[in-house]
Amino acid sequence: MATLEIHDLHVSVEVENGTKEILSGVDLTVKQGETHAIMGPNGSGKSTLAYSLAGHPKYTVTGGTVTLDGENVLEMSVDERARAGLFLAMQYPVEVPGVSVSNFLRTSATAIRGEAPKLRTWVKEVKGAMERLNMDPAFAERNVNEGFSGGEKKRHEILQLELLKPKVAILDETDSGLDVDALRTVSEGVNRVRETGETGTLLITHYTRILRYITPDHVHVFARGRIAESGGPELADKLEAEGYEAYTKEA
Ligand code: ADP
Ligand code: MG
Ligand code: MG
């Protein structure tokens, strides 16, 4: 059973007048098959956690550990993290000019599986996954993220998730900017991946809306750079009713 373990993670960024600590001791364990929601106010450091796990060069880890099955994730390059089974869907995905969705997916799958998927079965796999996500087949020939609408970006993320079958997936605000239909389609995709039992999911979100479609096993409140409280799905109901105010006050 694959396990992502984050222990006492501290992360800083360079700012004009020095460095600023954004993550101040994050502790979290995500096992294959589990779904965790991280919820918190804007600016609490949720995206910073996602970027740090992705190995974004702007974010400097100043303390703590991150391991996947005991392997030190923090020492891995971005590519190595993906090959080790970490999948990160970013809140602001980048454009990849000149690379089609179809090529991008096949290259990623080849890197992660260690061999190129057989073309015949691969084409079928992609077609099936796109149909399930209500995606136009022509989408496969478009350049990655170039001119994608918000909904298309999110569907593309879930398409990657379904095809790449990571051990642990980190989805940062996959729900933001989606209309109700897109939200349902994207949530169904996440639930399909979940049902395989092969992927642990860390669903980072500001809103409780997506949790009407995806019931997490664990809910964590993120505030001021760390997890302030953890609980079951009922914690999301409490947040919906009471908001984050109780967590954002200075200690
Ligand atoms: P969230 O995703 O919870 O809204 P972020 O991780 O995006 O929060 O941001 C947390 C805090 O860190 C904010 O105050 C933000 O301005 C700051 N921050 C994030 N990234 C950077 C950066 N690259 N440079 C400077 N400040 C940053
Ligand atoms: Mg934000
Ligand atoms: Mg964010």
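**Entry: a bridge pair to begin with.** I started at leucine 9, whose bridge partner in S2 is valine 26. Strand S1 (3-15) and strand S2 (residues 18-31) pair in the antiparallel sense over eleven bridges. I noted that strands pair here if DSSP finds at least two bridges between them. Two residues make the hairpin that joins S1 to S2.

**Entry: ground rules.** This is a predicted model, in which local features need pLDDT of at least 70 and side-chain atom pairs count only at pLDDT 80 or more, while totals for chains, interfaces and linings use all residues. Residues are numbered from 1 along each chain as its sequence is written, and chains are lettered from A and ligands numbered from 1 in the order in which they are written. Helices (H or I, at least four residues) and strands (E, at least two) are DSSP runs, numbered from the N terminus.

**Entry: the rest of the sheet.** I then turned to strand S4 (residues 60-68), which pairs with S1 in the antiparallel sense over seven bridges. Serine 12 has threonine 60 of S4 as its bridge partner, and histidine 10 stands opposite glycine 63 in S4. Put together, four strands form an open sheet in the order S2-S1-S4-S5, with antiparallel pairing. S2 and strand S5 (71-72) are at the edges with a single partner strand each, so one side of each has no neighbour in the sheet.

**Entry: ligand 1.** Which residues are around ligand 1? I listed Val13, Val15, Ile22, Gly40, Asn42, Gly43, Ser44, Gly45, Lys46, Ser47, Thr48 and Lys58. The cut-off is a C-beta atom, placed from the backbone, within 6 Å of the molecule. S1 and helix H1 (46-54) each supply at least two residues of this shell, and H1 gives the most, with three. By class I found three nonpolar, seven polar and two charged residues. Ala, Val, Leu, Ile, Met, Phe, Trp, Tyr, Cys and Pro count as nonpolar, Asp, Glu, Lys and Arg as charged, and the others, Gly among them, as polar.

**Entry: the whole chain.** I counted eight helices and twelve strands in the protein chain. Its radius of gyration is 18 Å, close to the 18 Å that the globule rule gives for 251 residues, so the chain is as compact as a globular protein of that length. The radius is taken over C-alpha atoms, and the rule is 2.2 Å times the number of residues to the power 0.38. The C-alpha trace spans about 60 × 40 × 40 Å along its principal axes. Of the 251 residues, 36% count as buried; that takes 20 or more other C-beta atoms within 10 Å of a residue's own, with exposed at 12 or fewer, partly exposed in between, and C-beta atoms placed from the backbone.

**Entry: helix H4.** I checked the length of H4 (residues 119-132): at 1.5 Å a residue, its 14 residues should span 20 Å, and the end C-alpha atoms are 20 Å apart, which agrees. The expected span is 1.5 Å times one less than the number of residues. Just after H4, asparagine 134 takes a positive phi of about 50°.

**Entry: other positive phi values.** Most residues other than glycine have a negative phi, so I wrote down two more exceptions.
- Asparagine 145, with phi near 65°, is in the loop between strand S8 (143-144) and helix H5 (150-164). It has 18 C-beta neighbours inside 10 Å and so counts as partly exposed.
- Lysine 165, with phi near 45°, is in the loop between H5 and strand S9 (168-172). This lysine is partly exposed too, having 17 other C-beta atoms within 10 Å.
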